[in-house]
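Reader: I would like to go through the labels attached to this model and see what each one rests on. Please give the criterion along with the value.

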Amino acid sequence: MEMTAYAKINWSLAVTGLRPDGYHLLDMVMETIGLSDTIVLSPAEEIGLDVQGDARIPQAEDNIVVKAARALRDAAGVQDGVRIGLTKRIPSGAGMGGGSADAAAVLRGLNRLWGLNWPIEKLARLALPLGADVPFCLYGGLARVRGIGEAIVPLTPGGMPLNLVVMQPDEGLSTPAVFRAYDAMIPVPENPDLDRVQAARVKGDLPGLVASLGNALERPAISMMPVVADCLQRMEEEGALRSVMTGSGSAVVGLFASKRAAEDAALRLRTEYSRCWAVQTVGALHAQ
Ligand code: C5P
C-alpha cells in the first residue's frame with residue numbers, strides 16, 4: 001500500500017498561552033502543500049523501517065513512524081507487524097511537519113491494512129502524544145488549529161490553489177529551542193490576527209492574506225538563526241507578495257501572484273538555497 005505524506009505550512013501562528021507542562025497554546029491556520037514523502041506499507045511479522053532520501057533521518061525505534069505503528073498496534077491489540085518504506089523529500093527542522101506527515105500517513109494506512117476502521121477523531125487522539133502536528137496531518141487540507149494542535153476545525157479554501165515558494169536555509173531549527181527563545185524574549189513577540197488570516201484564506205482573498213500574515217515565532221527563530229531574515233527578504237526581492245516563516249522554522253514561505261512567478265523565483269533562489277521548491281496549496285485534500 002502506497003501513501004502520500006504531504007507537508008504543511010502555517011499561514012500564521014499565534015502563541016496564546018503556556019500550559020503547566022511547558023507546552024505552548026497556539027492558534028494557527030495550517031494548510032497542506034504539494035511537497036510530499038512517499039510511504040509504502042507491506043505486511044510483515046515485525047515492525048521495521050527502511051529510509052531513503054535523507055541520511056539524517058532517525059532509523060528504526062527512534063523514528064516517529066515506528067513509534068506511530070507501535071502505538072496503533074498496542075492500542076488496537078493487533079499482532080501483525082509492518083515493513084515501512086519511507087522516501088524523504090520534505091526537509092527536517094523546517095516547520096513543515098515532515099515527521100508528523102509521515103506518522104499520520106502510517107496511521108491512516110495501517111488503519112486500512114489492519115482492517116481497524118477507526119474514525120479519524122480516534123486516530124487523532126492516539127496521534128497527539130507522537131507530535132503536536134500529527135492530528136492536523138491526519139485531517140490535511142486547510143484548518144484552524146488551536147490548543148497544542150489537537151483542536152482542529154477543517155475549513156474550505158476559497159478560489160484557486162495558491163502559488164508558493166518554500167525555502168529552507170542550510171540549517172534546520174529545533175522546535176523546543178525556538179519555544180525557549182520565545183519564552184525569553186522581552187518584549188513578548190506580537191501575535192498576528194488569526195481571524196483575519198482565516199477569513200482571507202477562506203475567501204481566496206490574496207490582498208487580505210498579504211495584509212494579515214504573521215508568525216509569533218519568527219523573531220525568536222531569527223534571533224537563533226539570522227539567515228531566516230535573509231530568506232524572508234530574498235523571497236520578497238524575488239517577487240513574493242509577502243513572505244512568512246512556517247511553524248517554528250527554519251523554512252519560509254513566499255506567496256506569489258501566479259504559478260509562473262513562483263517557478264521563476266524558485267529557479268533563481270535555488271542558486272542560493274538548494275532546498276527551495278515552487279509548490280501549490282492542496283487545501284481541498286481528497287481522502288486517500
Ligand atoms: O510535539 P512536538 O514533538 O511537535 O513538540 C516538540 C517540543 O516543542 C515540545 O516538547 C515542546 O517543548 C515544544 N512545543 C511547545 N508547544 C507546542 C508544540 C511544541 O512548547 N504547542
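Author: The model is predicted. A salt bridge here is a side-chain nitrogen of Lys or Arg within 4 Å of a carboxyl oxygen of Asp or Glu. By that criterion R234, E237, E238, R268 and E272 are linked in a network of salt bridges, and a search of the whole structure finds 14 salt bridges.

Reader: What makes R234 and E238 a salt bridge?

Author: Their side chains meet at 2.8 Å, N to O, and the cut-off is 4 Å. The pair therefore qualifies. Both R234 and E238 are buried.

Reader: Why is the contact of D27 and R146 called a salt bridge?

Author: The N to O distance between the two side chains is 3.6 Å. The limit is 4 Å, so the pair of D27 and R146 counts. D27 is in strand β2 (residues 24-44) and R146 in strand β5 (residues 142-147), 119 residues apart, so this pair links distant parts of the chain.

Reader: Why is D27 called buried, and what is R146 called?

Author: Buried means under 20% relative accessible area. D27 has 11% and therefore counts as buried. R146 has 35%, which lies between 20% and 50%, so R146 is partly exposed.

Reader: How do you know that E31 and R201 meet in a salt bridge?

Author: The side chains of E31 and R201 are 2.7 Å apart, N to O, and the criterion is within 4 Å. E31 lies in strand β2 and R201 in helix α6 (residues 194-203), so the pair ties together parts that are 170 residues apart in sequence.

Reader: Are E31 and R201 buried or exposed?

Author: E31 has a relative accessible area of 0% and R201 has 2%. Both values are under 20%, so E31 and R201 are buried.

Reader: How do you know that the span of helix α1 is close to the expected one?

Author: Helix α1 (residues 64-76) has 13 residues. The expected span is 1.5 Å times one less than the number of residues, which gives 18 Å for α1. From its first C-alpha to its last, α1 reaches 18 Å.

Reader: Which residues of α1 are buried, and what do they pack against?

Author: The buried residues are I64, V65, V66, A68, A69, L72 and R73. They pack against β3 (47-52), β4 (81-87), α2 (98-113), α3 (120-127) and α4 (134-139).

Reader: What is found at the start of α1, and what follows α1?

Author: At the start, a side-chain oxygen of N63 reaches to within 2.9 Å of the backbone nitrogen of V65. G77 follows α1, with a positive phi near 65 degrees.

How values were computed: Residues numbered from 1 in each chain as written. Predicted model: local features only at pLDDT ≥ 70, side-chain atom pairs only at ≥ 80, totals over all residues. Heavy atoms only, no water. Helix = DSSP H or I, 4+ residues; strand = E, 2+ residues; numbered from the N terminus. Buried < 20%, exposed > 50% of the residue type's maximum accessible area, 1.4 Å probe, protein only. Contact = heavy atoms within 4.5 Å. Polar contact = N/O pair within 3.5 Å; in protein donor to acceptor, adjacent residues only side chain to side chain.
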